[in-house]
Each structure stands twice: as C-alpha cells, then as structure tokens.
Amino acid sequence: MGSQVLTTGDPSDPGGCNLIDNGDTWTWSQIQPGTEPRPCGRDIWGNSFVHDGALYLFGGAWERYGRPRHWRDHGRLGVGDDLWRFDAQCGRWTLLEADTWSLDYGPQAKRPGSRLLGSFAVVGECAYLFGGLAVLEPEFVLKALNDFWRYHVPSGRWELIDPDTGWCNFANRPSHPPIRGAHCMVALGQDIYLFGGWPGTVPVFTTNDLWRYDTLAGQWEQRSPWRDQSRGAGYGRDAVYPGSRYCANLFAHGGSLYLFSGRDTGARSPEFFNDLWRYEPARDLWTLLQPTDSDTGFDAPAQVPAARYGSGHT
C-alpha cells in the first residue's frame, strides 16, 4: 500500500497499527485507538487482500464459544463471514457484509461461508478466494474446504466458481485443488498460483502441491503434485523442490514467485523453516536461494530471518 504497511490488532486491541516509511526510518503509529465501528479481534491470516489502496478482511476466527480456558485453547474458537474494508487514507473501517455465521459451503451458496485460513489473490478488479477451514462446532471440529470464489470489488458481488467437493486425494492428479487451509496464493499477471497448506487432518499432514489458475480461460492446472523427500522435496541444501508446509509466505516479483518460511507440525524436526525459494513459471523451475537454518534465532544479529510461520500474507 505504497509507503505504508497495515497490521490488524490482537483480540485485546483490534484497532490496528500503521508502519510508515519516513525515508531512512520506519515508525509505528496506532490507528483508530478505541473507535467504532471496527472488526472484533480475530485470527485473520490469509483472509485478507488489498485493492485500490484499501484493506479488505473476510471472516477469520474468534471466541464464538466463550472465553478460552487457557492460552492455547482452540476449543472456544469459531469462524465468521463478515467483510470489512479499511481505507488507509481516512483511517476508517466500513462494514460491507455483516456476519451471518453461515456454514453453507454447497453449490447453492450466495456468498462464501464462514472460515479461517483461506487465501485471497487479486487480479484486476476481482479478488479470488480459495478454501480455508470451517469450524463446525465447539472444541475446534474442523472441515477443510476447496470452494473457489470471485469477488468483484467495485460492485460488491460474489460469484461461486467451484463449489466445495470435500476431495482429499493429493496423490492423484485431480482437475481441481483438493481441500486445504493455511495455503499460499498469489497472482502473477492474469494467473493465480496456489501452493501447499493443511487439509485439517489430525495427525497433521501438510502438502506442497503447486497449482495455476488461468483467470482468462477459467481453468486449473496442476503444475506439480505432492512430493516427499524421495522425490527431491525438502528444506536443506540437497532439496530441489520445497518441502511440505503451511502458513508460508508466497509473493510475486519480476515474473517469478518467491516462497519463504512455513511450518510442518507432523512430527518433523525442524518444525519451522526459513528457507527461501524462487519459482520461474516459464521454465517450471524451482531454485533454492537459502536453505533452512535452524540455528538462526530472533535474539541476535543474523544474515537471514529466523525460522517462522504466518510471516505475512497480504
């Protein structure tokens, strides 16, 4: 958003913060301390996008089922489907669509159902939303999704492109990405690329398949199926393809995609990553720029960022 970076607040202070470029330095300033209306505090990772200088937030997770019993208590979390816009110029939130707590993910749905850990990508005047995780009832009972929506920003109109199918086979080559949340998605020209994620399984299984959606033709293409270590996937110097992960950061620059960080809690060590990859779509080629270094920490000067997940998405 030009020379400003926006962050949303935590549940105790959801007003938001603004990081402003002042030339040689960056400074933080709080936006909207204690003013209304504004979104409630929530976990919003992935459920946001930027268009024409405004930040849009959709749904996310918050304490729908009461106060948490301890600091890691997910059992009280529920999801929403409200849509908000924040205008960075005037510093004001606008509620575009009220929360209905809808759990309708079928072909008859008029707008996306409630979710967290979905992912948006913007092409032209439209924002595309894929998948995410629904919380069906207390104690974090999850349903992973693979519905695909287009939101026309100027008119505020939702269009369902592909309904949720519940498909969860990552070994074959389906014509549409399987269910998942906490995946990466980014636009490059008229194409949208989707990578990795978590299909809501327990024990945790993460994926590293890569998909391309052609917004002009309206078709998905699987660029690569899920790979394990025996097929060159990994996080270290010997890897030729990114290892499985969720809540990573994928961004586009100069005709290429760059993938950084992520997490895999499936009994893996290290559990958090700080590897950096470049993907060249024209050559269908991944290049490892920086392998994971588990010795890099947050408490000392370093040449590369420490391993992390959820490191930024919009």
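Me: Hi! What kind of model is this, and how are residues numbered?
Reply: Residues are numbered from 1 along each chain as its sequence is written, and side-chain values use heavy atoms, with hydrogens and water left out. The model is predicted, so local features need pLDDT of at least 70, side-chain atom pairs count only at pLDDT 80 or more, and totals for chains, interfaces and linings use all residues.

Me: Which order do the strands have in the open sheet of 4 strands?
Reply: The order is β18-β19-β20-β21, with antiparallel pairing. Strands here are DSSP runs (E, at least two residues), numbered from the N terminus, and two of them pair if DSSP finds at least two bridges between them.

Me: Which strands stand at the edges?
Reply: β18 (249-253) and β21 (285-290) do, each with a single partner strand, so one side of each is left without a neighbour in the sheet.

Me: How many bridges join β20 to β21?
Reply: 5 bridges join β20 (residues 272-280) to β21, and the two run antiparallel. Leucine 276 stands opposite glutamine 290 in β21.

Me: New topic: where is threonine 94?
Reply: Threonine 94 lies in strand β7 (residues 92-97). Not counting residues up to four places away in sequence, threonine 94 touches Leu83, Trp84 and Arg85, where contact means heavy atoms within 4.5 Å.

Me: And how many disulfides are there?
Reply: A search of the whole structure finds 0 disulfides; a disulfide is a pair of cysteine sulfur atoms within 2.5 Å.
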